[in-house]
Amino acid sequence: MKFDELGLNESLIEAIDYMGFQKATPIQQQAIPKILNDKDLIACAQTGTGKTAAFILPIIHRLMKDGNAGINTVVIVPTRELAIQIDQQIQGFTYFSNLESIAVYGGGDGDDWDEQRKALDRGADIVVATPGKFIAHLNMGYMKLEAVRHVILDEADRMLDIGFYDDILRIFSYLPKKRQTLLFSATMPKKIRDLSNEILTDPDEITIAISKPAEGVLQAVYLSYDPLKVKLIKRLIDDKPNYKSILVFSSTKREVNDIVRALKNKEFKVEGISSDLEQREREEVLMRFKSRETRVLVATDVLSRGIDIKDINLVINYNVPGDAEDYVHRIGRTARAETTGVAITLVNEEDMYKLLRIERLMEREVMKLPVPPEIGESPEWNPNAGSKKNFRGKGGRGGKGGGRSGGKSRGGKPKR
Ligand code: ADP
Ligand code: MG
């Protein structure tokens, strides 16, 4: 479906065209009419499906049509990086209009704060903010929120993982009751339901095949004992000189540091990103990866979801994510926009039952390979050994789910 069939403003269509978007993605096709219809909305679709444009285009359309004075729209997001990214998309879409947007986030210097303060004071039309910084500005008293008509929570699941529940409720206590509220999330655990009961009114719901990885991702698994994993990663990278962008995920900060240290070499740049870094440093690391100055980025999942980096050739999971849906999101970093990518997961004996759970969720088996013999021995594929209790307790999903997934399939979430 083309964007003009969605009834959007002409100069907005022109800007969309300029951004290189030709057809609306499924979430955009479904969400835009509902949002134009003034409904509250819960929308759930996996990373990389175009959720940003899905929520911001109808709002920009409305602003262009009706005009505006004061802060009209507040977008609340989990991280500084995402705030900047969404603000940049808005700048693109509003290029042919007088609308103003501002990204509000912490970790910057006094100049950033000043610029944000001024934009909020004069009532920028669209404010994209992290919860903490939004509250900080709110406390200073110059932000006027009476004109707010639209509020969006993006990556709501991630915000709750980080622990922003109370901050979010606090922010909503300052917002006008008469408003449109949109909640976007990649997954829909129960706590998101609870939050939506607090802040949404009679919402429409959209869920789009969240448990299937994007087509075009070649997935494989190496059965590997932990001590061999770093050697194996080195080999996988050495074997692929034409892969310019490689993303390695691990579950803890310590592993990130260990992997980075082990991969350090003279030929190419390897960097790590975790919550150990200051905001500014994180952003610089991401920039170097995006620009391909850094070839290998090693990251904890919590910082990487929702950050849009194009054309990653290879994603390596150092371990199996505890949450089956996280696996789908991680490998969704590759093979965006119909290119192909490769996702490789290293699975030790204890993680085999988790992989089985993932296979059930995806309704697809993943190819399993032994580590090359010159690196060492591999464990046998035996997902039920030793972990039966775990497996039953966390419950994979049978074949009847049809690709949909509610909160039920999420197991206990390890703290990162
Ligand atoms: P999500 O929030 O669902 O993870 P994003 O909104 O960040 O996804 O979009 C992912 C990428 O796809 C971005 O680079 C965005 O510019 C691009 N994109 C979004 N919608 C379209 C579209 N209709 N056509 C082409 N590219 C698109
Ligand atoms: Mg997003």
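Is lysine 191 buried, exposed or partly exposed? Lysine 191 is partly exposed, with a relative accessible area of 35%; buried denotes under 20% relative accessible area, exposed over 50%, and partly exposed the range in between (1.4 Å probe, protein chains only).

## Basis of the model

This is a predicted model, in which local features need pLDDT of at least 70, side-chain atom pairs count only at pLDDT 80 or more, and totals for chains, interfaces and linings use all residues. Residues are numbered from 1 along each chain as its sequence is written, chains are lettered from A and ligands numbered from 1 in the order in which they are written, and side-chain values use heavy atoms, with hydrogens and water left out.

## Salt bridges

The structure holds 21 salt bridges, each defined as a side-chain nitrogen of Lys or Arg within 4 Å of a carboxyl oxygen of Asp or Glu. Lysine 191 pairs with aspartate 161 at 3.0 Å, N to O. Helices (H or I, at least four residues) and strands (E, at least two) are DSSP runs, numbered from the N terminus. Aspartate 161 is partly exposed, at 22%.

Within helix α11 (residues 253-263), aspartate 258 and arginine 261 lie three residues apart, about one turn of the helix, and their side chains form a salt bridge of 3.7 Å, N to O. Aspartate 258 is partly exposed at 33% relative accessible area, whereas arginine 261 is exposed at 59%. Salt bridges with shared partners also join Lys39, Asp202 and Asp204 into one network.

## Nonpolar cores

A nonpolar core is a set of buried Ala, Val, Leu, Ile, Met, Phe, Trp, Tyr and Cys residues joined through side-chain atoms within 4.5 Å. The largest has 41 residues, and Leu8, Phe55, Leu57, Ile60 and Phe184 have the most contacts inside it. Its largest share, nine residues, comes from α3. A second, separate core of 34 residues includes Cys44, Ala156, Leu160 and Ile171.

## Strand β8 and its partners

Strand β8 (residues 217-223) is mostly covered, with six of its seven residues buried. Strands pair if DSSP finds at least two bridges between them. Seven bridges join β8 to the parallel strand β13 (residues 341-347), where leucine 346 is the bridge partner of tyrosine 222. Strand β14 (residues 367-370), also parallel to β8, is joined to β8 by four bridges; in β14, methionine 367 stands opposite alanine 220.
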